[in-house]
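Good morning, and thank you for coming.

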Amino acid sequence: MAVPRVVVAGLGPAGADLVTSGTLAAIERIERRFVRTRRHPAVTVVSDARSFDDLYESADTLDEVYRGIVEELVAAASEAGEVLYLVPGSPVVAERSVELLGSDDRVEVELLAALSFADLAWARLGIDPVAAGVRLVDGQRFAVDAAGERGPFLVAQCDSPDVLSEIKLTLDAGAEPCLPPDATVTVLRRLGLPDEVVEPVRWVELDRVETDHLTSLWIPALAAPVAREVARFAELVAVLRRECPWDREQTHESLTRHLVEETYEVLDAIDAVAENRPGAYELLEEELGDLLLQVVFHTTLAEEAGQFTLADVASGIHDKLRARHPHVFGDVEVAGPEDVARNWERIKQAEKGRESIFEGIPTHLPALLYALKVQKKAAALGERGVALPELPALASTDVGERLFALVDEARRHGIDPEAALRAAANRYRRAVQEREAAGPPPG
């Protein structure tokens, strides 16, 4: 049996006058016709075509739209033998549905050449894209498609102010801004039509620009590249959140156990590094990745709730570290690590408006770590510590007092009591295991 066939043709970037003769001939020859959307000036050249605009209205994500288009085209081609699929512009420029269709082995795909919006953009901008090394990216996927690059960029499918706002947030999110506030970019709208616009715009005003489905953006160059791997990773987590049944069910609360477990696995990997075990750094890299997943997952949930993004988290910790290191980024002088710690606590207390230095200590810390934290805070206030009391009898309260005093003694001698306790427990465990393996004594 012949493989079902989908012929993909472009309607060009503007009106019917820019539709190629090859596309017109395909429209005339192939009876079963589809158009990705009727929101295009040249769609008047085709009649009796099924539009996928209803998928755009019913689906939750663009990925669902494109996969739905592919499924319907494959089904129609299997039934009719050959179908025609018409897309705005060129079928090989910024057409995700065509990408998916081309990788589907259920059908044979033929692509007909057509003009794209980019061809008109080069003419309006006076740019040779090859000589300039232009990167063509999708505005809907800018953070990923532009990652690691400095430009220049021609950004397609900037069909709403939200898309432009996301592009601006992506480029403004890093420690080093990718574009200064006084930079100028160019908005191109409805190229090839009588009301086309080619408008220079100040970067700070980009998210206030009027847009439509025929809008693109020219960014000449960036001062710093967009982060690559983190952007790809964040997008992957968002996809899992949408498409994996387990990920869809998770909440901040349900992930708490995983966050704690991954943290302790990182601590185990750090022990392996300290002991120079083979493969220790590979293990640490893996465990840090698992811990990063928890951070990005919680951030994804917060973004869904409209609270904050990964960029906000990165920007917040960047600004916090700068503010709490005035001896590095300001004119404050310190004599050593103790001064740094005292300055940190004073700045933190002032930032958060706390009346007590003890506010903000997590109540869910392990008991010994909590005691150590409290004693460190007290030491920062100049407290001399606690003395081991004389106890006439043993009681729960007395044991607590003794443990608290022992933690204080360990702190003053530079010993981590949590690590010391864990090491003692491990020594005891090994001793018991040795006796267990040896079996019961003879006789």
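I begin with a term: two strands pair if DSSP finds at least two bridges between them. Helices (H or I, at least four residues) and strands (E, at least two) are DSSP runs, numbered from the N terminus. What you see is a predicted model, in which local features need pLDDT of at least 70 and side-chain atom pairs count only at pLDDT 80 or more, while totals for chains, interfaces and linings use all residues. Residues are numbered from 1 along each chain as its sequence is written, and side-chain values use heavy atoms, with hydrogens and water left out.

Let us start with the sheet. Phe-34 stands opposite Tyr-85 in S4. Strands S2 and S4 run parallel and are joined by three bridges. In general, strands of a sheet pair through backbone hydrogen bonds, either parallel or antiparallel. Here, five strands form an open sheet in the order S3-S2-S4-S1-S5, with parallel pairing. At its edges are strand S3 (49–51) and strand S5 (108–111), each of which pairs on one side only.

Ser-51 belongs to strand S3. Is Ser-51 buried or exposed? Its relative accessibility is 13%, so Ser-51 counts as buried; buried means under 20% relative accessible area, exposed over 50%, and partly exposed in between, with a 1.4 Å probe and protein chains only. Leaving aside residues up to four places away in sequence, Ser-51 touches Val-35, Arg-36, Thr-37 and Arg-38, where contact means heavy atoms within 4.5 Å.

Next, helix H1 (residues 21–29). Its buried residues are Thr-23, Ala-26 and Ile-27. Why do they lie on the same side of H1? They do so because they cover an arc of only 100° around the axis, the arc being that of the directions from the helix axis to the C-beta atoms. On the other side of H1, Ser-21 and Glu-28 are exposed. The buried residues of H1 pack against strand S1 (5–10), strand S2 (33–35) and strand S4 (82–87).

Finally, a pair of helices. Helix H11 (residues 256–274) and helix H12 (residues 280–304) pack at an angle of about 160°, with their axes 8 Å apart. Axes are lines fitted to C-alpha atoms, for helices over the stretch in contact, and angles run from 0 to 180 degrees between N-to-C directions. H11 and H12 are therefore roughly antiparallel to each other; angles under 35 degrees count as roughly parallel, over 145 as roughly antiparallel, 65 to 115 as roughly perpendicular and the rest as oblique. Among the residues that make the contact are Leu-259 and Val-266 of H11, and Leu-284 and Leu-291 of H12.
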